[in-house]
Structure formats: C-alpha cells, structure tokens
Amino acid sequence: MLAIISVGVAVLAALVYIGFTKTLLVSGVLAVLYTLKYHKRWCYVALKTAPRDLRALYCYIKILLITRKFMRKDYTVPDIFHEIVLKHPKKPCFLLQDEVWTFEEVEEFSLRVTAVLKSKGVKKGDIVGLLVNNSPQMPALWLGNARLGGITPLINTNQRGNALIHSISIAKCNVLIFSDEYLSAIQDVSSQLDPKLKLLKFTHRPLNKNPVEVNASGDGIEDLTDLLERTPPAPWTLADANGFQGKLLYIYTSGTTGLPKAAVISNSRYVFMACGLHNFRLNSSDVVYCPLPLYHTAGGVVSVGQALIFGCTVILKTKFSASQYFPDCVKYKATAAHYIGEMCRYVLATPPSPADRSHRVRLIYGNGLRPQIWTEFVNRFNIKYVTEFYGATEGNANIANSDGTPGAIGFISRIFPAVYPIAIIKVDQETGEPIRDSRGLCQIAQPNEPGVFIGKISPNNPTREFLGYVDRSASDKKVVRDVFTHGDSAFISGDILVADEFGYLYFRDRTGDTFRWRGENVSTSEVEAAISNVANHRDAVVYGVMVPNTEGRAGMCGIVDTDGTLDLDKLAKDLSNDLPPYARPVFLRVMTSLDMTGTFKMKKTDLQKEGFDPSKAKGDKLYYLDMKQCKYLPLNEDEYNKIIEGHIRI
C-alpha cells in the first residue's frame, strides 16, 4: 500500500512540474525498464509468441464475424449451402470413385429427400436417423431432413446388437434410413425396436432421370432410392427449422462409461467447427481429401463442412487405404488432406512411391499426428503445412496448432489468455476431480504441469455455448462449476493436457478408465459387459496398454477361466458381432481369478502395469488378436518381441 501511495504522489508531482505529455513518456519508459528488469522471461515469451497469437486472434475475429452474419440472418446449414450453390452450381462438390456430384446436383438430391420425407409425415422436430455409408448422398440426406426442421442422428455404421439398439433408441428416432448393406444388422434387432419406427432402405446407385422398375426384395421395407427417383424435388425455400442455434445433428461419442452418447450439434456449432479449420490456410478453391467416416465429427462436420459452408470440393472414400492415400490425392488433384493419427503411421509404413511427392497437397489437417513421426512424415511427403486440431464433439473448446509446431494440438496465449477462454486446471488424475483452492475455485495448472482441458461456457455466444448430449444427466457430468469465479461454469473435457512455457498444448492421456484406440474412445465397462455376456458371465476386466510406436492404447482383457472351458474361437467370433473393430480387445490374459476391492470392484492397476509382457504374466496365458483370421493366437516371448519391433502389426 505504501508503494502504491508513493507512486501516486510521484505521478501527481510530475504532472504539476513537467506536464502531462512528458509524464506519460517518462512513465512509459520506466514501465518498460521495470518489465525488462523484473519480467525479462515474460518479455521473451511474449515477443516469440506474438506473431502466432496475433494470427490466431485475426482468425478468431473472422470466425466471430461469420457466425454473427449467419446469426443475424438466422440461417441454417441448408440455407448457407443454398448461397454456395447459387455462386457456382456446376462446380464439383463431392467426388467418390468415378462419381462427380456438382453443388447443384447435391442440392437437387436433398430437395428430393425433403419431398419424400414430407410425404412420409416428417415435420419440424422429428428425428430421422442415418445408418448410411460414405457417399455424396449421405450429407444430402441430412440436408434434406434439416430443411424440414428435422434432426439427424449419424449412427456409427460399425454398431451392432445392443449398441445399435441403444443408438437408435437414445435419439428417439421417428424414422431410420439405412444402407442396404446393413439390412441384416437391422433385421437382427428389429424385434427390439419401437414398432412405430419407420424404416427406409437406401441403395447407393446413380440417381436416374426416369423411374426404373425395382424388384421387390421381400423384406417389406420401402426402398428410399426408388422413392427419390420417382419424386420431383421440393421447391426451394428457407429451411423450416429453429434457426441458426437450432439442433441439426446428433453425433455419437463414447463417454467415460457405458454405451454411445448422442452429442447435440446445432447449426451454429456446425458452422463454428467448419470455420475453425477453414481459417487456418484453407480457401474455397481447395480440393479436400477426406477418407474418414462421415458419421464422425471429423469427416462429417470438419471436412464436409468445407463444401457446405465454404464451397470447397471434397473427395470421399468408402474406406481408408494407406497405400492409396497419396495416389488418390494425385488422381483427384487434392490440395489439402484430412488424417487421424493412426492413418499417418499407416501411410508412413507404405513403400516409397512416385505419389509421395508428385501430389499437390500443401496442407494436411487432423488430430493425433504423433510427435515421433511428425517431422519424418512431412519431409517424406513434402507437406508444407500441418494444422493439428483438438476438440470434443460434445464440447465447446476447439483449439488448433496454427504454426505447425511438431506434436502440439493447439496453444493458450501467454499475452492475452482471456480472449479465448480456455484453460488447463489441476485435477486428481485418478478421479478427474478438480483440485480447488481455499475459496473453492479451480486452480490453473502451471507450465509443464498436467491438467484437464476446459472451455468456459457462455450460453449467448455460439462459439462458447455447451449443448452436451441428448441425455441431460450425461451432459451435467461434463460441466464443472465455480471455475474462475463463483457461479460460472465450464465444459470439462476429461483429457489430460500439458502446456509448455510458450503456451503450446500437448495431449497426455484421458482421465478415468476410457482409452483411445484407432482414433476412437473405448469404454471399458461397455466392453467388459459384452465379453461377460458372450462368455457365460465370466469375470472380465478391460484396460488399455501401451504398445511402442503406436498411438493410443490397445485394449487388453483379463478374463477368468477356472476350468479350461473358455472357447477363444467362439469368443473372437461373438465379439466381432457385438463390438466394433476398435473396441475388441487386442490382447487377452486368461487367469484363474481376479483381485477384488472391498466393494467388489475388479482391480486393474497392476494388470495394466504388467501389460502384455509374457515375462510378467505370472503363469497366466496370453493371446493376441489376428484381425485377418479373427482369432486369438498364443502370445509368447517370440511373438511379444515381434510386436514390439513392429514385425507383427496389431
């Protein structure tokens, strides 16, 4: 207090004796000298990061201006897409194999969808689920529904059995459109679906100008493609929806426990996520290569959004192929390409080819590119820019590495951290619970200190709103309150991150039991339940284990077999029917018993530490999954070493 009074007196005296201008000048010089003397390191960090932060600030302002424009017009995604169609109707919108769909053709198809769904009684607020494979028609299907004000859950096409029933039921679907190749999956669960659910079968074939005769399949399900071919497009009008902040899609994401959750994506959130990437070195003339599934946020929002919101041409693939990644980029003259971390590792493992450097790709973007292969990847394939980004489907905190710093998933500004209100807070890494100070508020993690990534919630700001899941109780678990001040709230990601001195953020791990594998979140409780169900209710514990030079954690299951009756071939076959490929345990540890806690919870910490090393198995038998044969094979020292050295791929 005495120092403050002394400074105040000195300033007043200076104003009296030397005037305002000179006082301001002297004060400025003294402030600079003081900062240089006592905060030299902060000055260095500020100077080094200023170009990065100012570029990001410029991009963020552009995003805010774009979203404000659409908010003022109260546009939905179909309305925004219509403006793009009017600008260049004949420009290619989606490419798939030899198919070329122009913007005009995509909109016409979506208008046919609008007409057909309206004839089936679909109206504003109805839920029309999509279990449809990658194709130009897939986004056109949900655009047609959105024009009626309907909401579209994008169901993971790997889902089967109980997971599929849950995905349809949790969204409260009124209608389900599914690709004909998933007919058997629907028939398997049809008796357990709501009898009121309308089923429409979609067949991927070129849209004919004239009606064609369709042979009845005998399954009693209407053929949507036949209806679309026979129905004229609906006249274009502004979407009869709930406006820019209304619900558009449900996208499924695995939570920390249980079955898939349906995350709510509004029109504003869709635009924000597409804008967030576009403003980092993309432009409307880019041709974007997207080999990712369109039922996920990455493919269906971030990449497809480049076409729907900004007019880029997007190349689609029915299935990712490492050997065809850059040859496809050459074939279609791609200028930007999307990836998930595992993809980069697979592509890097392919033999050298002329396509490695004869492509036109200047930018790759995605999430999960490991620091260990980052430099090798960009050097081999001559990639000029990398935009690594991070963000949860259900969250409100999206960040991006805008300057290509290897391994970073984004950054927090050290100069003006409050502009984009995100932070890393201290948590108990066992429970994920925030560590609070004496006032009951969260504590900011220091540089190089791990913590959980959060995004402050501002309901009236489309870039900061939190919509969460369809299940409100599940949404509440993702919100932390009394963060920086009493009464505020933030989305808590559940991801452990660390920020370095310059504010660059690096992914560490996830709190709790859930682990990531093949770019997906795997819920241990869900897998445990599936295994126990098909293995005569045996005790089974699932956990993730680290494999050298592999992103994420491979699933491992410790399963009890007291009498030697466990049929591994049947187990592998049953799990292939009940679980998507990424959720099936890669390793098995067959044991005679499992340790329990006092509350009858199975212990897994020691098992996780021992991993899949046979020398630490304590006499238990280990196995690994051969995906080609769909069989569990014995895992001994020889196989273990081959996996470690990369000779056996898992």
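The legends below describe close-up views of one predicted model.

Residues are numbered from 1 along each chain as its sequence is written, and side-chain values use heavy atoms, with hydrogens and water left out. Because the model is predicted, local features need pLDDT of at least 70 and side-chain atom pairs count only at pLDDT 80 or more, whereas totals for chains, interfaces and linings use all residues.

**View 1. The chain as a whole, given as context for the close-ups.** The secondary structure comes to 20 helices and 28 strands, where helices (H or I, at least four residues) and strands (E, at least two) are DSSP runs numbered from the N terminus. Of the 650 residues of the chain, 55% count as buried, a term that stands for under 20% relative accessible area, with exposed over 50% and partly exposed in between (1.4 Å probe, protein chains only). Among the contacts in the chain with a separation of 6 or more, 68% come from residues 24 or more positions apart, contact meaning heavy atoms within 4.5 Å.

**View 2. An open, mixed sheet of eight strands.** The strands follow the order β2-β1-β11-β10-β12-β13-β14-β15, and two strands pair if DSSP finds at least two bridges between them. At the edges stand β2 (99–102) and β15 (399–401), each of which has a single partner strand, so one side of each is left without a neighbour in the sheet. Neighbouring strands of this sheet are turned by 20° against each other on average, direction ignored. Within the sheet, β10 (residues 287–290) and β12 (residues 336–340) pair in the parallel sense over two bridges, and Y289 stands opposite A337 in β12.

**View 3. The packing of helix α4 on helix α11.** Helix α4 (residues 77–87) and helix α11 (residues 297–310) pack at an angle of about 65°, with their axes 7 Å apart; the axes are lines fitted to C-alpha atoms, for helices over the stretch in contact, and angles run from 0 to 180 degrees between N-to-C directions. On the α4 side V77, I80, F81 and I84 meet A307, L308, I309 and F310 of α11. The residues of this contact divide into eight nonpolar, no polar and no charged.

View 4. F70 and Y75 form a stacked pair, 6.4 Å centre to centre with 20° between the planes. F70 is buried at a relative accessible area of 5%, and Y75 is buried at 15%. Ring pairs also link Y289, F320, Y325, F326, F377 and F381 into a cluster. A charge sits over a ring if NZ of Lys or CZ of Arg is within 6 Å of the ring centre and within 35 degrees of the ring normal. R52 lies over the face of Y504, at 4.6 Å from the ring centre, while the charged end of K261 sits over the ring of Y469, 6.0 Å from its centre.

**View 5. Strand β27 and its partners β26 and β28.** Five of the six residues of β27 (residues 621–626) are buried, so this strand is largely enclosed by the rest of the structure. Strand β26 (residues 587–591) pairs with β27 in the antiparallel sense over four bridges, and the bridge partner of V590 in β27 is K621. Strand β28 (residues 631–634) and β27 likewise pair in the antiparallel sense over four bridges, with L633 in β28 as the bridge partner of Y624. β27 and β28 form a hairpin with four residues between them, and C630 in the turn has a positive phi of about 55°.

How values were computed: Nonpolar A, V, L, I, M, F, W, Y, C, P; charged D, E, K, R; others polar. Phe/Tyr/Trp six-rings, centres within 6.5 Å; stacked < 30°, edge-to-face > 60°.
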